[in-house]
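Work through the exercises below with the sequence and the model side by side. Each task is followed by a solution that goes step by step.

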Amino acid sequence: MDPGNVIRVQLKWPNDIYANGLKIGGILCHSTYRDRAFQLVWGLGLNVANAQPTTSLVALIGEEARRLQIDALAPRRETLLAQLLNWLEPAVARLAVDGFDPFRPAYLGAWLHTDQRVELEEGGEKVPVIVRGLTDDGYLLAQDAGGAQRYELHPDGNSLDFFKGLVRKKLPV
C-alpha cells in the first residue's frame with residue numbers, strides 16, 4: 001500500500017494520540033506499589049465516532065476513503081476493542097520479560113518529537129534544546145545544541161507546550 005494512503009497516527013509525549021495533526025485520544029497509567037508488588041491501571045480514551053472537539057476515527061476514515069474514491073466501512077467499537085486487546089495481552093507479557101527496548105523503535109517512529117527544537121525555561125532563562133529521544137526510564141531526553149548538556153524532562157516536573165516549542169520547569173509548590 002502506498003504510504004500516502006494511510007492515516008498517520010502519532011504520539012505526543014507523554015500520553016496524547018494524534019492523527020493527521022489532530023488529537024484523537026490519550027493514554028493514562030497509574031501505578032502503585034504495595035506488598036512487594038506493582039499494580040497498574042491503564043486507560044485509553046479514543047474518539048471513535050464523535051467529530052467533536054477535534055475529529056474521530058470514523059471522520060478520518062471517511063475523508064481518506066473520499067480522497068481515494070473508495071468505499072470504506074468505519075470500524076465498530078467492539079471490533080476495535082477486540083483488536084486492541086488481542087494486541088495488548090502479548091505486548092504486556094513481552095514488556096514484563098524484555099522491558100521497553102523491543103517497543104522503542106516503533107514508539108519513536110510514531111512520536112511527534114524527534115529532533116524537535118524547544119526552549120527550556122530554567123531559572124528565568126531560556127535554553128534552546130533538541131529532543132533526542134527517551135531516557136531508559138521513559139522521560140524525555142533533550143540536549144543543548146552543542147550536545148554537551150543533557151536534560152531529562154519529567155511530565156510532572158515540567159510544563160510542556162511542544163506546539164509552541166516551549167518547555168518550562170515548574171516551580172516547587
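**Exercise 1.** Decide whether Arg104 is buried or exposed, and then find its salt-bridge partner.

*Solution.* Arg104 has a relative accessibility of 15% and therefore counts as buried, where buried means under 20% relative accessible area, exposed over 50% and partly exposed in between, with a 1.4 Å probe and protein chains only. This is a predicted model, in which local features need pLDDT of at least 70 and side-chain atom pairs count only at pLDDT 80 or more, while totals for chains, interfaces and linings use all residues. Residues are numbered from 1 along each chain as its sequence is written, and side-chain values use heavy atoms, with hydrogens and water left out.

The partner of Arg104 is Asp136, the closest N and O atoms being 3.7 Å apart; a salt bridge is a side-chain nitrogen of Lys or Arg within 4 Å of a carboxyl oxygen of Asp or Glu. This pair links distant parts of the chain, since Asp136 lies in the loop between strand 6 and strand 7 and Arg104 in helix 3, 32 residues apart. Helices (H or I, at least four residues) and strands (E, at least two) are DSSP runs, numbered from the N terminus.

**Exercise 2.** Find which residue pairs with Lys12 in a salt bridge at 3.7 Å, and state whether each of the two is buried or exposed.

*Solution.* The side chain of Lys12 meets that of Asp16, with 3.7 Å from N to O. Lys12 counts as buried at 11% relative accessibility, and Asp16 counts as buried at 14%. For a contrasting case, take the salt bridge of Arg76 with Glu78, at 3.4 Å between the closest N and O atoms, where both residues are exposed. The count of salt bridges comes to eight.

**Exercise 3.** Describe the open sheet formed by four strands, and say which strands stand at its edges.

*Solution.* The order of the strands is 1-2-3-4, and their pairing is antiparallel; two strands pair if DSSP finds at least two bridges between them. Strand 1 (9-12) and strand 4 stand at the edges with a single partner strand each, so one side of each is left without a neighbour in the sheet.

Next, look at strand 3 (residues 22-34), which pairs with strand 4 over ten bridges in the antiparallel sense. Here Leu28 stands opposite Gly43 in strand 4, and Tyr33 stands opposite Phe38. The two strands form a hairpin with two residues between them, in which Asp35 takes a positive phi near 55°.
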